[in-house]
Amino acid sequence: MIDAAVGYQCPECVREGSRSVRKATTLLGGERRENTNLVTKVLIGINALVWLAITFSGSNEIEERLFLLKQAIISNGELGGVLTGEWYRVLTATFTHTAIWHIGLNMLVLWILGSQLEPVLGRWRFVTLYLLSGLGGSAASLLGLADNQASLGASGAVFGLFGALFIVARRFGADTSFIVGILAINVIIGFTVPSIDWRAHLGGLVTGAVLALVFVHAPRKHRTAFGLGASVLVFVVIVAVAALFVA
């Protein structure tokens, strides 16, 4: 028997009651949890671990294996890059940072935006949004990447979160002027500072905004199906852009 507020209950009764109780969700379908930003913490942890491995490795080998490269001669004399078949770089580059200010700024923004979006969208939508925004940024970056030029960082994924936050804020009728202002400043900086990969920012922003549009406005009864379908479609488009780059 199990202690109850009044008397006792049999285990079978408790299990049957649990099955009949629906889980609480947000207006956009995210499941209400005690640890509302677990995925955000995990993503920050992965980025931090990669940065620590690069920083304390004592060589350039790790970072050169993770950078987004079209094609380049790396330190061991080999030819590396996407055009040599190293497609994993499209993803690994989004978790790669070398400068402490770079990872510090990206992770701070990820923490702020992730803590807002993850509870509302739910874990699987949020992690899908983040990863596909990063891939979209990498695909856009490839279109303008020159030989022996590298691109790295979580900025594409972070810009995707900015785009998603704008869509979510509009859905709830919140003031979006602050988000627009931040994006405008970053776009100007991206076009004026040569070392910033503005294509990755723009690709991530568009990807995140498109996905968020579907997540936010999908019919309630078919929210999961619409979300999965949109995610697959966006992934196919990203692959097509990458294939265009190869061609």
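Angles under 35 degrees count as roughly parallel, those over 145 as roughly antiparallel, 65 to 115 as roughly perpendicular, and the rest as oblique. This is a predicted model, in which local features need pLDDT of at least 70 and side-chain atom pairs count only at pLDDT 80 or more, while totals for chains, interfaces and linings use all residues. Residues are numbered from 1 along each chain as its sequence is written, and side-chain values use heavy atoms, leaving out hydrogens and water.

**Exercise 1. Work out how α2 and α5 are oriented and which residues join them.**

Start with the axes, lines fitted to C-alpha atoms (for helices over the stretch in contact), with angles from 0 to 180 degrees between N-to-C directions. Those of α2 and α5 come within 9 Å and cross at roughly 170 degrees. The two helices are therefore roughly antiparallel. Next, look for contacts (heavy atoms within 4.5 Å). On the α2 side they include L38, L43 and W51, and on the α5 side I100, W111 and E118. Finally, sort the contact residues by class: 11 are nonpolar, four polar and two charged. Here Ala, Val, Leu, Ile, Met, Phe, Trp, Tyr, Cys and Pro count as nonpolar, Asp, Glu, Lys and Arg as charged, and the others, Gly among them, as polar.

**Exercise 2. Describe the contact of α2 with α6.**

Their axes come within 9 Å, crossing at roughly 35 degrees. From α2 come L38, V39, T40, L43 and N47, facing R123, F126, V127 and Y130 of α6. That contact has six nonpolar residues, two polar and one charged.

**Exercise 3. Find where confidence is lowest and highest.**

The protein averages 87, and 88% of the residues score at least 70. By element (DSSP runs numbered from the N terminus: helices H or I, at least four residues; strands E, at least two), strand β1 (residues 2–3) is lowest at a mean of 62, and helix α2 (residues 38–55) is highest at 96.

Note on methods
pLDDT = per-residue confidence, 0-100.
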